[in-house]
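Please open the model in your viewer and colour it by confidence before selecting anything. The tour then moves from one selection to the next.

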Amino acid sequence: MIRHVILRVMSKLLIPVIMLFALYVQFHGDYGPGGGFQAGVIFGAAIILYALMFGLETAEAVFPPRVLELLVTFGILLYGGTGIAAIFEGGNFLDYSALAHEPVHGQHLGILLVELGVGITVASVMATIFFYFAGRGRRDV
Amino acid sequence: MIDVIHIVLFTFLAVIAIAVIRLRDLFAAVMLMGIFSLLSASLFTVMDAVDVAFTEAAVGAGISTVLMLATLSLTTSKESTLYQRPQPMALIAVILTGAALVYATFDMPRYGDASAPIHHHVADYYIARTEGDIGVPNMVTAILASYRGYDTWGETTVIFTACVAVMLLLGGGRTYYRWRHRDDAEGESDGP
């Protein structure tokens, strides 16, 4: 853990706000700038900031690498699953209009799920890559 | 007025690019690359491409800088000062390529030209139909996630593939497993 008090206190204040902002970007992407990719990157940055300030071991206890690896695949499967679900509902792959009775509602639902999948994958990929970079010197040498 | 902002931002970009080339301190170079991305994001914002600016700020100025710093902590933050003979062929190649690129920009439509081909291929369809088809105020999200959902699916797969590649290159689960059980294995091999 880094001993800089100011950095630690400020990052403690900032990390929840950054995560909240990521969720805002994620779920407000239909209405304003942003979307799953940006939200995922911001959320990943919050995890990385936590790891930088409080050490890799603490960060890996909070965000276990096994869970992050599962989330990497879960996000992409959520995206693909939405597309497959559209096929089962009688549409084409990723044709969200088939997901609900009203085509527009189906589009809203599809976009929400797909963006969520992108966000989960991107956030966990960013954190995983950082953990692999940062933990390299300690693990296998 | 907007032209002045463009010129100032582009001048800053050029200055930072030259500074990054000339710097030997890689830590400062990484920081300058972050500022470079932030200036690019400002340029995109001035050009009303808010979503692109958002991505550039989050990825270029945020994550890339952090990953570069993580890499520097693994290697060294000083560029090796091995003197190399000037390469005139390299300079000629760079100047020729640059001249070709500048020549190609003369064929491009002017910035903000409403009759440019890019604004008439499928853009008209998106602008006319997004409200009724998708019902989402942000047209960029509608295009990315729904009209071009297949492309975004491919992009997400690319990110996934990058993650798998990093895991394989930087020591995956097997290496970690070997490390954890290293003492046992050594004990066995030393025994007989």
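Begin with chain B of this predicted model, where the pLDDT averages 84 and 89% of the residues score at least 70. Where pLDDT is low, the predicted coordinates should not be read in detail.

Show both chains next; for the complex the predictor gives an ipTM of 0.88 and a pTM of 0.82. Selecting the residues that meet across the two chains gives 42 from chain A, in contact with 39 from chain B. On the chain A side, α2 (36–54), α4 (65–88) and α5 (103–139) each supply at least two residues, and the largest share, 21 residues, comes from α5(A). Coloured by class, this side of chain A shows 24 nonpolar, 13 polar and five charged residues.

Which residues have the most contacts inside the largest nonpolar core? Select A:Val41, A:Ile42, A:Met126 and A:Phe130, which hold that place in a core of 57 residues. The elements giving two or more residues to this core come from both chains: α1 (5–27), α2, α4 and α5 of chain A, together with α3 (50–74), α6 (139–147) and α7 (149–169) of chain B. The most, 15 residues, is given by α5(A).

Centre the view on A:Val41 and leave aside residues up to four places away in sequence: A:Val41 then touches A:Val122 and A:Met126 in chain A, and B:Ala58, B:Val59, B:Gly62 and B:Ile63 in chain B.

Now select the whole of α2(A), a helix of 19 residues that reaches 27 Å from its first C-alpha to its last, close to the 27 Å expected at 1.5 Å a residue. α2(A) is mostly covered, with 16 of its 19 residues buried, and is followed by A:Gly55, whose phi is positive, near 90°.

Finish at helix α5 (residues 123–133) of chain B: is this helix largely covered or in the open? Of its 11 residues the number buried is one, so α5(B) lies largely in the open. Step just past α5(B) to B:Gly135, which takes a positive phi of about 75°.

Conventions:
Residues numbered from 1 in each chain as written. Chains lettered and ligands numbered in written order. Predicted model: local features only at pLDDT ≥ 70, side-chain atom pairs only at ≥ 80, totals over all residues. Contact = placed C-beta atoms within 7 Å. Helix = DSSP H or I, 4+ residues; strand = E, 2+ residues; numbered from the N terminus. Nonpolar A, V, L, I, M, F, W, Y, C, P; charged D, E, K, R; others polar. pLDDT = per-residue confidence, 0-100. Core = buried A, V, L, I, M, F, W, Y, C linked by C-beta atoms within 7 Å. Buried ≥ 20, exposed ≤ 12 C-beta atoms within 10 Å, placed from the backbone. Expected span 1.5 Å × (residues − 1).
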